[in-house]
Amino acid sequence: MKTFDVLIVGGGHGGAQAAIALRQQKFAGTIAILGDEPHPPYERPPLSKDYLAREKPFERILIRPTTFWADKQVDLLLGSRVLSVNAVARQVNTETGEVIGYCQLIWATGGSPRRLTCAGHDLPGVHSVRTRQDVDKIMDELGVVQHVCVIGGGYIGLEAAAVLTKLGKQVTVLEALPRVLARVAGEPLSRFYEAEHRAHGVDVRLGVTVDCLQPGPTGGILVRLSDDEPIACQMVIVGIGIIPAVAPLFDAGAAGSNGVDVDGHCRTSLPDIFAIGDCAAHGNAFALGAHIRLESVQNANDQANVVAKTIAGVAEPYHAVPWFWSNQYDLRLQTVGLSIGHDEIVVRGDIASRAFSIIYLRQGKGIALDCVNATRDYAQGRKLVESGAQLSRSHLADVSVALKNAA
């Protein structure tokens, strides 16, 4: 049985950064990354953007060159999934039958795409966007596809819709809620992106639910809605969120519900087991201390750094301003902070100009910004969110006043 001083389960951003940060902290013990995909760690955001658009080959989205891991003496154990964790014996059991021991375990598995539950969810031509294999399958089929139905109006769905439109496909976006991005953004940003997609020819339908998927009479897929005519297409892309991949930890007795619970140093309730990234529910200072999961590269990397320092004996608690980004068409959205619990919205700039910011306030303090083609606002707004200062609404709305002077 192989045993490692640190075993990292999950080969995404968090897992890769944990190994990198451990070596940066001069950790000299043995490290292994156990990933369920056959590829070395690679970036996930480009999957729904540059990679799907064929603008970046796979080699350009690797987190590090393949030789890096051997140079840093990090073992890559690829193509195997953990089925169970024995927290007493400090072992994991994989689907290939291998038992691997650890002194400390970092769980960085992210999540699996949430699937449709209706009839026809498993028809050929129904896809998710989570892994390289997912996107490769989509690209392999696109040559004979004219119409794509995207189910879900979140960032993944809208990014995919933008790329597919650019590739000349007819695209319909179906969102069950009354607006796109409803869970992550205010109404002004939602309406802006709805208008942008429609201006590019996307059929955006709001407040609609899918009843079932059926094979089309002459091929393809029929998407039957609860109260409308069916949509005939050749491909369906489902982007309705993820399910945290934490079942083996729960089976081992870890605390949690929506993800595995971690403390300020990303420790789970199990001894010497940490969790980071999309699957880790943590108390976040920028969400009024609420226990939340953050599905972002920033969060995965920052939590990986926290764990590496903890293992190296220089522990610092997690405290990082959340940030996100999305590229759609020629629009660069940069978000900083969390708009949870906001009680006021200030629009800065002219939305029609396609370069503006939306500032979220709670009791007069700036808690988050959505900046569209407004990088300077993003950079200065980040400092306002970090400081928690009281802000002048008139200064926020006046583009002639730099955001850094709005406090």
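Buried here means under 20% relative accessible area, and the legends below describe close-up views of a predicted model.

**View 1. Helix α7 and its buried residues.** Helix α7 covers residues 297-312, and its 16 residues reach 22 Å from the first C-alpha to the last, close to the 22 Å expected at 1.5 Å a residue. Buried in this helix are Val297, Gln298, Asn299, Ala300, Gln303, Ala304, Val306, Val307, Ala308, Thr310 and Ile311. The elements that cover them include the strands β1 (2-9), β6 (99-107), β19 (273-275), β20 (280-283) and β22 (323-328), together with helix α1 (13-24). After α7 comes Gly313, which has a positive phi, near 90°.

**View 2. The packing of α1 against α7.** From α1, the residues His13, Gly14, Gln17, Ala18, Ala21 and Leu22 meet Val297, Ala300, Asn301, Ala304, Asn305, Ala308 and Ile311 of α7. Eight of the residues in this contact are nonpolar and five are polar, with no charged residue among them.

View 3. Among the buried residues are Gly157, Leu158, Glu159, Val163, Leu164 and Thr165, and their cover includes β9 (147-151), β10 (170-175), α5 (187-199), β15 (235-238) and β22. Just after α4, Gly168 adopts a positive phi of about 90°.

Notes:
Residues are numbered from 1 along each chain as its sequence is written. This is a predicted model: local features need pLDDT of at least 70, side-chain atom pairs count only at pLDDT 80 or more; totals for chains, interfaces and linings use all residues. Side-chain values use heavy atoms; hydrogens and water are left out. Helices (H or I, at least four residues) and strands (E, at least two) are DSSP runs, numbered from the N terminus. The expected span of a helix is 1.5 Å times one less than its number of residues. Buried means under 20% relative accessible area, exposed over 50%, partly exposed in between (1.4 Å probe, protein chains only). Contact means heavy atoms within 4.5 Å. Ala, Val, Leu, Ile, Met, Phe, Trp, Tyr, Cys and Pro count as nonpolar, Asp, Glu, Lys and Arg as charged, and the others, Gly among them, as polar.
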